[in-house]
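Dear colleague,

Here is the structure I promised to pass on to you. Please open it alongside this message, and find my notes on it below.

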Amino acid sequence: MAVRPLVLHSAARLSKPCHYSSLSRYSRHARLFSTTIRNQRPEPTSPSASTSTTSTPPPGDKDTRTTHFGFQDGLSESEKTERVAGVFHSVAESYDRMNDLMSFGWHRVWKDHFVSSLNPGLSSSVPPKPQRILDVAGGTGDIAFRMLRHAHVLNHNPSVHVTISDINPSMLAVGKQRSRTLPASQQAALSFLEADATSFNPSAVPSNSVDLYTVAFGIRNFANVPAALAEAYRVLKPGGVFACLEFGKVSSSLLDAVYQRWSFGAIPLIGQLVAADRDSYQYLVESIARFPSQPEFRALIRAAGFEVGGRGYEDLTAGVAAIHKGMKPL
């Protein structure tokens, strides 16, 4: 597709601002971590110790393989999945408002730039070539709606279809509600899928079926990141693109000091005041701290089999966030 060479280009122009009765059991799990470690930074013995993510999934299943939940280690993957579900059930309704408060609105700038850099729907043929996009962990629709508008309105390509996939039904419910405000043509080009990104059902997402796989501010919450990358590789067509927008490691030591103080001092407090949920936002800032650095995550993408052009990532706002891209070889 014409879009593929473009999406691997790393733009540098953003160096400046560049429901429910069942909810109680999830909320209980979401708060289990609050009595373990709070506002404590781990003391890693090496740069990768605090961001440990195995390059290949170890043997066993989700009940025996271990991972971390924020700063708490030693959980099974299935337990982390359940606790993360509790967090996002709790924050679904206030998620975007909290993102505005936590990032001073910067998340909207980052998402706009992320979608613009991918240029969905670009096609030189007449009629334009169809494109299938899988937006993972995209429950509220922030990325998917931008993708559809860019493809349908800016690139005049109505043959772009976006599937929003999320493991959390509460987040999907928010996205479905918001999608009703979209033009009819864009609603018709949108579908929703409740699924675990580490193990899609092949009948729902067949191998070699997707042109563009996107995930924004979600992959750090996955119980097994290498397994999710392997699934992204499986479902993408040869030449298809994996694109991830995620928090990163700040390049300036002075800015990082301010950022860490804001993250651990203010964000959980804002969560308490605005959403009456300190614990969930405590987890969110801990999950950011535990996510691999930009070079470490680039190595994981390469280990999954993707080709990575140039540096492989673009820092946004001094590395507070970063865009990572990789292409499945032809």
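Helices (DSSP runs of H or I, at least four residues) and strands (DSSP runs of E, at least two) are numbered here from the N terminus. Please bear in mind that this is a predicted model, in which local features need pLDDT of at least 70 and side-chain atom pairs count only at pLDDT 80 or more, while totals for chains, interfaces and linings use all residues. Residues are numbered from 1 along each chain as its sequence is written, and side-chain values use heavy atoms, with hydrogens and water left out.

I begin with the largest pocket. A pocket here is an open set of points on a 1 Å grid over the protein atoms alone, where a 1.4 Å probe fits, with protein on both sides within 12 Å along at least five of seven lines, and its lining residues have an atom within 4 Å of a point. The largest pocket has a volume of about 880 Å³, a volume being the space filled by probe spheres set on the points, which are joined across faces, edges and corners. Its lining comprises 50 residues, and those nearest the centre are Tyr95, Asn99, Phe217, Arg220 and Phe247. H10 gives the most to this lining, with 6 residues. By class, the lining holds 29 nonpolar, 14 polar and 7 charged residues, where Ala, Val, Leu, Ile, Met, Phe, Trp, Tyr, Cys and Pro count as nonpolar, Asp, Glu, Lys and Arg as charged, and the others, Gly among them, as polar. Phe217, in the loop between S6 and helix H9 (225-235), has a positive phi near 55° although it is a residue other than glycine.

H10 (residues 253-275) also packs with H4 (residues 95-103), at an angle of about 145° and with the axes 10 Å apart; axes are lines fitted to C-alpha atoms, for helices over the stretch in contact, and angles run from 0 to 180 degrees between N-to-C directions. In this contact (heavy atoms within 4.5 Å), Arg97, Met98, Leu101 and Met102 of H4 meet Trp262, Ile267, Ile270, Gly271 and Val274 of H10. The residues of that contact divide into 7 nonpolar, 1 polar and 1 charged.

Now to the sheet, which is open, has 7 strands in the order S5-S4-S3-S6-S7-S9-S8, and shows mixed pairing; two strands pair if DSSP finds at least two bridges between them. Strands S5 (190-194) and S8 (313-316) are at the edges with a single partner strand each, so one side of each has no neighbour in the sheet. From one strand to the next, the twist averages 15°. S8 and S9 (residues 321-327) run antiparallel and are joined by 4 bridges, with glutamate 314 having isoleucine 323 in S9 as its bridge partner. Between these two strands the hairpin has 4 residues, and there threonine 317 takes a positive phi near 50°. Helix H12 (residues 294-303) lies across S7, S8 and S9, at about 20° to S9.

Finally, the peptide bond from valine 126 to proline 127 is cis, with omega near 0°, and proline 127 is placed in the loop between H5 and strand S3 (131-136).

With best wishes
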